[in-house]
Amino acid sequence: MATAKAAENSTVVKGEFSKASVRDADVSGKRVLVRADFNVPLDGGVVKDDARIRAAIPTIEYLRDAGASVVLCSHLGRPEDRDPEFSMAPVAARLAELLGTFVPVAPAVVGEDVEAVVAGLDSGELLLLENTRFEKGETSNDPGLAEDLAQLADLYVNDAFGAAHRAHASTAGVAEHLPAYAGLLLEREVRELTSVLSDPARPLVIVLGGAKVSDKIGVIEQFLDRADEILIGGAMCFSFFRAQDLETGNSLVEEEGIELAREVLERAEDSDCELRLPTDLVLGERFAADTERKELDGVEVPEGWMGLDIGPETAAAYAESIAAAGTVFWNGPMGAFEMEPFAAGTRTVAEAVASSSATTVVGGGDSGAALAQFGLADKVSWLSTGGGASLELVEGQELPGVGALLEADA
Ligand code: ADP
Ligand code: MG
């Protein structure tokens, strides 16, 4: 399981980043293919949240200043074929604003037309390739596509932390054909996230919420051996309550998670880590913002109701643990925070994380969205740009996009 993997993977457990950095590469006068994570939400053809684009700027500016020409690529959404709705054009427009320079979009991902544009790039100039998922070979890590991508550059830099848990042609395959380095963001992500595993300041408090136990089971197992406390919230807690034979009413329960939760509860008994579950809840009749709402002192959800947030007593208790922590890792909202009547638990936890003097590391995805919604995104030590990638890294897995890079000279 994840813990066994963690033990095997000494690189991650020690928290040392053993890969060669873009800073070690001689890039002057070279063409550099940069895989970034520009998979951002769009709204009517405009970038709605540019956090991932901003996070890629340091590597791009570093390369331009060092005299490279920069060929950028990323996936965007899940297009079926070459659907123009998933063109990179809105990303190029936002990137151009942020960099104050023209960012042309290539006519395709690879091929002769693209090679012709790339050949005309001068030192310091940029090109953004079309959506890598316009090519079927991207997700299947097709060797032909990897070679075609490699054809476009002298060096490869992976800065796409948010996609590094996937072995795709642009995140892994291409690294077999070019000298491959870690970008500044990817490097920082790995350092910050693994710092939670390697000698963290104590107490180490892990806050986990979100929809499913099965998504987070690897993280729970990892930290049962390492953390001082694991605080559970979100819909995930209902699998634990069912494992304890408690009534959960109409709450969202992941059936598959009940057995996992039972095993975790057993392991927690023999562990030095304290696993804590909510002691009160906020209920709604339906999963809707305008539903009937009530607070429940206790956790046995009556028929006709669903648990949609942790209650105020639980939120205050969790906030107290977070305030007293030396290190906090948070992943997953405490409730259905997108709906205001059920946002209080997540807000209290977010505020506690933001105001804690601990080292605070937040996995991306919906926890990041929650922090942003409360205006607290810049109040934590590190907010990851990766959802799945941040979880897999903290579980102790080696990410394919990281594994494919050159080893640093010791
Ligand atoms: P993350 O992306 O941070 O890992 P998840 O994707 O696992 O988080 O879960 C986030 C989702 O879980 C949110 O959309 C939120 O509305 C939902 N959620 C949290 N608590 C509940 C609950 N009690 N009932 C239903 N949905 C919930
Ligand atoms: Mg999510």
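Author: For the classes used here, Ala, Val, Leu, Ile, Met, Phe, Trp, Tyr, Cys and Pro count as nonpolar, Asp, Glu, Lys and Arg as charged, and the others, Gly among them, as polar. On that basis the shell around ligand 1 holds eight nonpolar, nine polar and three charged residues. The model is predicted, local features need pLDDT of at least 70, side-chain atom pairs count only at pLDDT 80 or more, and totals for chains, interfaces and linings use all residues. Residues are numbered from 1 along each chain as its sequence is written, chains are lettered from A and ligands numbered from 1 in the order in which they are written, and side-chain values use heavy atoms, with hydrogens and water left out.

There are 20 residues around ligand 1, and those that come nearest are Lys216, Gly307, Glu338, Asp366 and Ser367. Here, near means that a heavy atom of the residue lies within 4 Å of the molecule.

In the side chain of Ser367, an N or O atom is 2.7 Å from an oxygen atom of ligand 1. For Asp366, a backbone N or O atom lies 2.8 Å from an oxygen atom of the ligand. A polar backbone atom of Ala235 is 3.2 Å from a nitrogen atom of ligand 1. Taken alone, ligand 1 exposes 580 Å², of which the protein buries 85%; these areas come from the Shrake-Rupley method with a 1.4 Å probe.

The elements giving two or more residues to the shell are β13 (306–310) and α13 (366–373); helices (H or I, at least four residues) and strands (E, at least two) are DSSP runs, numbered from the N terminus.

Key
A polar contact is a pair of N or O atoms within 3.5 Å; within protein, one must be able to donate a hydrogen and the other to accept it, and residues adjacent in sequence count only if both atoms are side-chain atoms.
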